[in-house]
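Please look through the sequence and the model shown here before reading on.

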Amino acid sequence: DDSDPPRTRLLLELAEKIGHEFARIELLAEALVHPSRGNERKDSYERLEFLGDAVLGLIVSDHVFRAHPERPEGELTRFRSDIVSKKPLAEKALALDLPRYVMTGRGMSSAEVLSERILANLVESVLAAVYLDGGIRAARRFVKLHLIQPGAEVPRHETPRDPKTMLLHATQGSGL
């Protein structure tokens, strides 16, 4: 229950940790409700996670595009992926101690909450809550503060990660 004083104190503590003062703390509360709550509570973070994924992609793409005007699209795509993929998002969720704040259903184990997928979803849903509460500037501040490492460089001539990209590079390199 969001009107529960201990829960509200926890949410305010997290808001301070992430660097955003919420006008509508209920957005942060919703961002931290796992779908396993099911019948226990209607709202979960799924819709916010959907929006947060798009907001994150936009902010990181814009940052990479502006910060590296000389780099080709493929390098920018890899750099964006290095920021928005599950692993770095999960690491940030742990750094922010998001599992401590998430509400889950009775049958969900703490080990399940620590999966990369769920941790990444939590970061995206929290970002969406920040975005809905404070707009794009607040969301950009959150991303730059927590997700974009200062001085991070776009890798040059990195070996492609997947077979399709490897084949594309090979055919382009041979003039096909």
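The sections below describe the chain, one of its helices and its nonpolar core.

## About the model

This is a predicted model, in which local features need pLDDT of at least 70 and side-chain atom pairs count only at pLDDT 80 or more, while totals for chains, interfaces and linings use all residues. Residues are numbered from 1 along each chain as its sequence is written, and side-chain values use heavy atoms, with hydrogens and water left out.

## The chain as a whole

The chain holds 8 helices and 0 strands, where helices are DSSP runs of H or I with at least four residues and strands are runs of E with at least two, numbered from the N terminus. Of its 176 residues, 40% are buried, meaning that they have under 20% relative accessible area with a 1.4 Å probe, protein chains only.

## A bent helix

Helix α7, residues 116-146, has 31 residues, yet its end C-alpha atoms are only 17 Å apart, whereas a straight helix would reach 45 Å, taking 1.5 Å times one less than the number of residues. At Gly134, α7 bends by about 140 degrees, the angle between axes fitted to the seven residues ending there and the seven starting there.

## The nonpolar core

The largest nonpolar core has 46 residues, and those with the most contacts inside it are Leu28, Leu32, Leu98, Phe142 and Val143; such a core is a set of buried Ala, Val, Leu, Ile, Met, Phe, Trp, Tyr and Cys residues joined through side-chain atoms within 4.5 Å. Helix α7 gives the most to this core, with 14 residues.

Not counting residues up to four places away in sequence, Phe142 touches Ile18, Leu96, Val123, Val126, Leu127, Val130 and Leu147, a contact being heavy atoms within 4.5 Å.

How values were computed: Buried < 20%, exposed > 50% of the residue type's maximum accessible area, 1.4 Å probe, protein only.
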